[in-house]
Amino acid sequence: MKLVVLPGDGIGPEITAVTVAVLKKLNLGLSFETHDIGHASLKKEGTTYPARVLEACRAADGIIIGPVSHLDYPPRAQGGANPSGDTRIALDLYANIRPARSRKGLPHWGRTAMDLVIVRENTEGFYADRNMHVGIGEFMPTPEVALSVRKITAQGSRRIALAAFEMARARRKKVTAVNKINVLKVTEGLFLQEVRKVAAAFPDIAYEEQLIDSMAALLVRDAARFDVVLTTNMYGDILSDEATELSGSLGLAASINAGERHCMAQAQHGSAPDIAGQDKANPASLVLSAAMLLEWLGLKKQSPDFLKAAKAIEAAIDALIENPKTRTPDLGGTLGTRAFGEEIARKLG
Ligand code: ATP
C-alpha cells in the first residue's frame, strides 16, 4: 500500500520523519512517496500546494500531512493555497476524528480523567475556504464592514452524525451534540434536526445536547462524562485543542480526516514555529494520527495486521509516556523528538 507523506512547515518535517520511521518498523509492506508542500514548495514551484501533489494524494491509499503555517502564506492568487483545507475539500474528507484521552501516570489538567472523541464536521461551517462553490465565504462590502458566511447542510449534518453514532456503538455508547441553538436558531436548528433523526435510528446509543459555551466549561469540570462529541466545524476545532491540552498536552493530539474513499492523518495542532527545528516537538501527535490511519485502512481493507499495528503503536506510546524518563519537554521530560521516535521504534521492535 502506498502512503503519500507531506512534511509541511514548522515542526512538520521533524515529526513526519519520526512517523515514517515508526511505520517502516512495522513491516506492513507500506511504500512512501514524499512531496514538498507549504513554504518548501512555494520557494521551488511558486505554490504551497502543487496540483500534482493533490493528485498524488488522490491516487494513494492514505496520506500523512505535517502541520502547515498557512497563516503566513501569501494570498491564494500568489501561490498561497492551504494544503490541509484544500485536501479536505477535494477528497471530501468530511469527518475529522479527534480523540482526547488521559494517560496512566501523566497528569491531566482538567478535574477528571477523560477518554472522548470529538467528531467534527470538516467540509462546511464557518470555514471561508470550504463553504462556497465560487469565491470565499468572507467578504467586505466596505472597508469598515466585514461579513462571514456559515454553511450548514442537511446532508453534511446527517453524514457526520452517522459517523458519530457508528463510532459510539464501538465505544461507551453515548453521543453529545454540541451546538449554539439559543443564538443561531436556523443553522444550528438544521444541524440538530438531522442529528436527532439519526439519533432516533440508534436507540442503543444515549443521546444528549450541550451548548458550546457550557461544553467548554464542562470539559474542564467533568470531561469523564463524555464519550463521542459530535459538532460542527469551528466548535470542533476549538474544543479539540481544549480537550487534548486538558488530557495532558497538545503534543498528544492525534486526528484523521476521513471520507468514504480517502483518509488523511494529521496532528490536531499547528506548526509550532516557536519550537521548530529544535528537536523539542512531541511527535506522538502525528505518530498516533498515523496509527488511526492504519486502523481506518485495517477496517476498510479487512486487514488484522493493520489493526494490530495501530494498537501496538498506541501501547508503545502509552508505555513511554507513563515513564517520566521517556517523555518529551511538553510533558515535562527531556527526550528530544528524534530520541522519542527511537524509543517508540525500540518498543515496537
Ligand atoms: P500555527 O500558526 O501553525 O497554528 P501555533 O504555534 O500558533 O502554530 P500550535 O502549533 O497549535 O499553534 O501550538 C500551540 C502551542 O502548543 C505552541 O506553544 C506550541 O509550541 C505547542 N505545541 C504544538 N504542537 C506541539 C508538539 N507536537 N509538541 C510540543 N509542543 C507543541
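A polar contact is a pair of N or O atoms within 3.5 Å. In this predicted model, an N or O atom in the side chain of Asp274 lies 2.9 Å from an oxygen atom of the ligand. Taken alone, the ligand exposes 610 Å², of which the protein buries 67%. Two further pairs involve His269 and Gly270. A side-chain N or O atom of His269 is 3.1 Å from a nitrogen atom of the ligand. Gly270 contributes a backbone N or O atom, 2.9 Å from a ligand oxygen atom.

The ligand is surrounded by 15 residues. The closest are Gly270, Ser271, Ala272, Asp274 and Asn282. By class, this shell comprises seven nonpolar, six polar and two charged residues.

The structure holds two aromatic pairs. Phe165 and Phe202 form a tilted pair, with 5.3 Å between centres and 40 degrees between planes. Phe165 lies in helix 5 (residues 154-169), and Phe202 in the loop between helix 6 (185-200) and strand 9 (206-211), so the pair ties together parts 37 residues apart in sequence. Phe165 is buried, at 0% relative accessibility. Phe202 is also buried, with a relative accessible area of 6%.

Phe165 also pairs with Tyr207. This pair is tilted, at 6.0 Å centre to centre and 40 degrees between the planes. It links helix 5, which holds Phe165, to Tyr207 in strand 9, 42 residues apart. Tyr207 is partly exposed, with a relative accessible area of 26%.

Arg120 lies over the face of Tyr127, 5.4 Å from the ring centre.

Terms used. Residues numbered from 1 in each chain as written. Predicted model: local features only at pLDDT ≥ 70, side-chain atom pairs only at ≥ 80, totals over all residues. Heavy atoms only, no water. Near = heavy atom within 4 Å. Polar contact = N/O pair within 3.5 Å; in protein donor to acceptor, adjacent residues only side chain to side chain. Areas by Shrake-Rupley, 256 points an atom, 1.4 Å probe, with all protein chains shown as cover. Nonpolar A, V, L, I, M, F, W, Y, C, P; charged D, E, K, R; others polar. Phe/Tyr/Trp six-rings, centres within 6.5 Å; stacked < 30°, edge-to-face > 60°. Helix = DSSP H or I, 4+ residues; strand = E, 2+ residues; numbered from the N terminus. Buried < 20%, exposed > 50% of the residue type's maximum accessible area, 1.4 Å probe, protein only. Lys NZ or Arg CZ within 6 Å of the ring centre and 35° of its normal.
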